[in-house]
Amino acid sequence: MMHASIGLSHPAQSVTSDKAHQLPSCTFSVPKSQQRKGTQLRIRPGSRWQAQAVRRRPATVTRAESKSSAAAPWVKADARLVLADGSVWRGRAFGATDTEIGEVVFNTSITGYEEIMTDPSYRGQFVVFTHPHIGNVGINIEDAESKQVHLNGVIIRDLSSVVSNYRSKMSLDEYLKKQNVRGIANVDTRAITRRLREAGNLNGVITSDTSKSDEELIAIAKGWNIVGKDLITDISIKEPYEWKDSTVEEWEFSPAVKGRNGTEPLHIVAFDFGCKNNILRRLASFGCKVTVVPSNYPASKVMDLNPDGIFLSNGPGDPSAVPYAVETVQELLGQKPMFGICMGHQLLGQAFGGKTFKLKFGHHGGNHPVRHNASGRIEISAQNHNYAVDPQTLPEGVEVTHINLNDGTCAGMVYAEKRAMAIQYHPEASPGPHDSDVCFEQFMDMIRKEKQGKGGYTSSETAAEHVGAKA
C-alpha cells in the first residue's frame, strides 16, 4: 500500500507528515493493485474538488489525535432482538427504549408502513419489514388506520435519516417515541425472514436493557405464548357510535362509488373486533349509514338497531379465543345479510360449524394472489392474518369461493342459505391494491336484493358465481 496526496496547486504542498491534519491537503490510500511508480494526483486550482480537499480531514491522523477525536459518525449497536430459537440480532434502537415481547412476523409490503403499524390486527406482534428502507415519507395522521400504533415492535433494515413528503408531520422515530413503541434497525431482515419462513413465526424480545443476558431473554421469549389470548376485547370500542367519513374525493377510485347517483342509504351495523378506518370509509363511500358497535354487543341490541346488513371486521389473534363473538354471530346468522373480512371471515367459519387453524408464518403483505373459483379471475390482495378456515370442516351448503394461490388456503366463502359472505383478505387496502374493492359493491347488491324481497341468493352455486365475479 502506498500513500498519494491531493495537493492544492503545487507539488510542494502535496506532502504527508504526522501533522498532515494541519496542512491543506487530503491524504488517502491507493490499493496495491492500482499502485504506479511516482503516482501523484492533483486537482485543478479553484475547482470544487479543491474546496472539498481543504475542508475534508485527512484519512491519516496521528495516534494522539485519534484518541482525542469526537464520537464516531455511526451509531453503535445499542439494542437486541432475541428470538425463541436462540438467535440474537444486534442493532440500533429507535422509538421507545425498554423491553417488549411479541410474536415476530414479516410483512412484504413496499409501501404503507404507517397503515401497517396502526392496523389493530397486529396487536401482540413484532413486524419485520422486508422492504429495506423504512421511514422515508415520515408520518401523517390522515393515513392512520386507528388512533394508535397497535403492534408491539418494529424491525427494519434501514431507518431513513431524511423525511421527504409534503404531508409528513413527524419522523418515524418521533412517532414511535410518542406511541411508546420499540424499534430496532440495522439488522439483517432478509436473514430473519428466511428463518421465520423455515421455522414458522417465533416469539421474540426487543430490548435496549444491558442488564439482562442473552440467555435470560431467550428464556423470556420461550416462556411467552400468544395462542389462545383474547386480544380483541381490550382494543374494541366500549360504546356504539356512527361513522360518517367516506373516502376523500381525490383518493376515490371506484366507478361504482362515483356512479351511485343518490341511491337510498343502507344501514350497516359493523362489529369492531379491531376495525381499520378505511373499511368504514369504504362502507360510507358506497352510501351506507354505518353504526359501529363493540365486539361484545348483544345480538338482540343489534337487531333493535334495525340494520339492513351486518358487517364483521378484521381483528387480532386467535378466533378461538373469543367464543362470545362466535356465539353472537351464530345468533345473527340468517337474520340479515352478513359480510366478514379477515377475523370476520374466521368467526363466520366457526359460526358455520367449521374450524380454524394457525398458519406456519401467516399471510402479511400487499401482493398475495387470490383466485375466484367460479370465474377464474385473479386478484392481487393485501393480507394480514395468522389463522385460516379449514374448508374440510365446513358444512354442506357453504361454498369456498376464493383460494389463496400461494398455499391453497381458503380465502373466501359464501353460505347462500344464510345470506352470508366472507373473504380472508382486505378489499379496502390502503395504499392498495384495489382489485377486491368490488366485494363492497357485492355486499350492497346482496342487501338490496334482500330488501326487494328476492331473498338474497337462492343457492350456493349462484352465490359463488356472483361473489368476486365483477371486474
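Analyst: Strand S19 (378–390) gives 4 residues to the lining of the largest cavity, which is the largest share. Helices (H or I, at least four residues) and strands (E, at least two) are DSSP runs, numbered from the N terminus. Cavities and pockets are found on a 1 Å grid over the protein atoms alone: a cavity is a set of points where a 1.4 Å probe fits but cannot get out, a pocket is an open set with protein on both sides within 12 Å along at least five of seven lines, and lining residues have an atom within 4 Å of a point.

The model is a predicted one, in which local features need pLDDT of at least 70 and side-chain atom pairs count only at pLDDT 80 or more, while totals for chains, interfaces and linings use all residues. Residues are numbered from 1 along each chain as its sequence is written, and side-chain values use heavy atoms, with hydrogens and water left out.

Besides S19, helix H11 (343–352) and strand S18 (355–372) each provide at least two residues of the lining of the largest cavity. This lining comprises 5 nonpolar, 9 polar and 3 charged residues; here Ala, Val, Leu, Ile, Met, Phe, Trp, Tyr, Cys and Pro count as nonpolar, Asp, Glu, Lys and Arg as charged, and the others, Gly among them, as polar. The volume of the largest cavity is about 160 Å³. Ser121, Gln125, Pro316, Gly317 and Asn386 are the closest to its centre among the 17 lining residues. A volume is the space filled by probe spheres set on the grid points, which are joined across faces, edges and corners.

In total, the structure contains 2 cavities of 30 Å³ or more. The second largest cavity has about 40 Å³ of space. Its lining includes Ala79, Asp98, Arg182 and Ser208. Strand S11 (182–185) and strand S12 (202–207) are the elements that contribute two or more residues to this lining. By class, 4 of its lining residues are nonpolar, 4 are polar and 2 are charged.

The pockets come next. Of the 31 residues that line the largest pocket, Glu115, Asp143, Arg167, Ser430 and Pro431 lie nearest its centre. Helix H3, strand S8 and helix H8 (277–285) each supply at least two residues of this lining, which has 10 nonpolar, 12 polar and 9 charged residues.

Why does Glu115 count as buried? Its relative accessible area is 10%, and buried means under 20% relative accessible area, exposed over 50%, and partly exposed in between (1.4 Å probe, protein chains only). Apart from neighbours within four places in sequence, Glu115 is in contact (heavy atoms within 4.5 Å) with Asp143, Glu145, Ser430 and Pro431. Glu115 and Asn278 are 163 residues apart along the chain, with their C-alpha atoms separated by 9.7 Å.

The second largest pocket has a volume of about 380 Å³. Among its 16 lining residues, Ser146, Lys147, Ile237, Tyr241 and Asn277 are the closest to its centre. Strand S13 (241–243) and H8 are the elements that give two or more residues to this lining. By class, it has 8 nonpolar, 5 polar and 3 charged residues.

His150 sits in the loop between strand S8 (133–134) and strand S9 (153–155). His150 counts as buried because its relative accessibility is 8%. Leaving aside neighbours within four places in sequence, the residues in contact with His150 include Met117, Asp119, Tyr122 and Ile235.

As for the whole protein, it has 13 helices and 22 strands, and 52% of its 471 residues count as buried.
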